[in-house]
Amino acid sequence: MILNNIKREIPLDIPQKEGVLRRITPHNPKRKRVEEKLKRRWSGHKGELALDYHLRFLPFKSYQVIRGVRLRAFGNAFQIDTPILNPHAIFITEAKNHKGTITYNEEKNHFEQTINGVTKHMDDPLLQVTEHKQQLEEWLRYRGIYGYPVVPLVAFTNPSTVVIPPQNHKHNWSLMNAVHIVDKIKEIERQYKDRPTFNIDKIRDALLAENTPLEQDILQSFSIKSSDIIRGVMCPKCESYAMEWVRLRWQCPKCSYRSNSAHLLALADYFLLGKDSITNREFRDFALVSDRNTALRMLKSSGLEYEGLSKKRVYKKPDDLPAFVKHAINQK
Ligand SMILES: [Zn+2]
């Protein structure tokens with residue numbers, strides 16, 4: 001059996017974007033866009049964690065929560081952040097972190113968000129889940145699973161957000177504050193009680209088996225040239241790329257900080273920016289290490305798996321890259 005993904009991992013593109021920001025100059029024109037996207041991704045991830053907190057109160061015997069799955073239907077990939085499987089239905093939940101009061105303007109046919117008395121138009125939060133519902137239904141049909149109801153839900157995760165659901169929206173999916181999600185799911189499930197039941201272990205295994213997490217060429221996605229990437233080893237204290245390897249350790253000529261392992265983050269960045277492996281020469285070129293044997297010692301002690309002998313040796317990207325990045329950052 002495939003292990004259920006019980007813990008929600010930080011999506012890889014978050015440390016990738018952080019790696020990009022470490023490796024481009026403060027004046028790079030792409031910086032602002034990367035920063036904005038990163039901020040949005042963190043906020044989305046935190047919303048999902050807040051949703052996970054409420055979902056802990058679902059009875060685990062009859063519900064299985066999957067933390068993020070990326071599938072394909074109609075030839076396109078789609079990501080469902082929180083599918084919740086029950087023998088009667090599958091709930092697909094979209095976490096939103098809007099503040100204030102969310103209402104539906106029945107006359108103008110659009111959603112509005114009011115904060116401190118100021119009302120503005122907001123994107124329809126039901127559009128994306130509606131699309132995901134159609135895609136998941138197609139995915140299930142293609143696997144011979146018919147009649148398994150796909151129920152979209154939108155949960156606002158900010159505890160103070162007030163949600164007033166629409167009366168006459170063409171999609172009558174449920175919108176609510178996340179504090180009410182467990183009650184809402186149980187209430188909807190009761191409506192399906194007399195319908196056939198489905199083997200959720202089997203469906204969960206199929207979902208996880210076909211999960212293909214997005215592997216992004218992060219530089220390409222922001223049209224950043226590799227020549228714009230700063231090479232060298234960053235000083236963990238003053239963050240300048242000036243570290244020099246002197247007498248068996250890194251030394252910063254700007255702030256005099258010393259480190260034995262500052263090169264680990266350079267290695268992590270090399271993989272985050274899109275490479276699957278690194279050779280001694282590539283490492284020297286990227287981290288600006290002049291001596292081959294010094295680079296060899298650093299690579300050997302990095303804990304990376306490798307293939308090949310001597311000069312043909314290739315060190316492989318760690319399977320758990322986010323963990324490697326975290327370890328590198330914590331090694332001062
Ligand atoms: Zn420094």
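A word on the ground rules. This is a predicted model, where local features need pLDDT of at least 70 and side-chain atom pairs count only at pLDDT 80 or more, while totals for chains, interfaces and linings use all residues. Residues are numbered from 1 along each chain as its sequence is written, and side-chain values use heavy atoms, with hydrogens and water left out.

Let's start inside. Strand β11 covers residues 174-177; strands here are DSSP E runs of at least two residues, helices are H or I runs of at least four, and both are numbered from the N terminus. By buried I mean under 20% relative accessible area, with exposed being over 50% and partly exposed in between, using a 1.4 Å probe and protein chains only. β11 pairs in the parallel sense with β9 (residues 150-156) over four bridges; to pair, two strands need at least two DSSP bridges between them. Within that pairing, V154 sits opposite L175.

Now please find helix α7, residues 263-272. Ten of its ten residues are buried, including H263, D269 and Y270. After α7 comes G274, with a positive phi near 120 degrees.

Three strands form an open sheet in the order β15-β17-β16, with antiparallel pairing. At its edges are β15 (277-279) and β16 (306-307), each pairing on one side only. β16 meets β17 over two antiparallel bridges, and Y306 has Y315 of β17 as its bridge partner.

On to the backbone. Most residues other than glycine have a negative phi. F74, in the loop between β2 (69-73) and β3 (76-80), has a positive phi of about 50 degrees. F74 counts as exposed because its relative accessibility is 53%. E239 also has a positive phi, near 60 degrees, and belongs to the loop between α6 (218-221) and β12 (244-246). Is E239 buried or exposed? At 54% relative accessibility, E239 counts as exposed.

Finally, the surface. E9, E305, D319 and D320 gather in a patch of negative charge. D320 lies in the loop between β17 (314-316) and α10 (321-330), and is partly exposed at 45% relative accessibility.

Conventions: Patches are made of residues with over 30% relative accessible area and no salt bridge: like charges are joined within 9 Å, nonpolar side chains (Val, Leu, Ile, Met, Phe, Trp, Tyr) within 5 Å. Accessible areas come from the Shrake-Rupley method with a 1.4 Å probe; for residues, only the protein chains shown count as cover. A salt bridge is a side-chain nitrogen of Lys or Arg within 4 Å of a carboxyl oxygen of Asp or Glu. Lys and Arg count as positive and Asp and Glu as negative; His and the chain ends are not counted. The place of a charge is taken as NZ of Lys, CZ of Arg, CG of Asp or CD of Glu.
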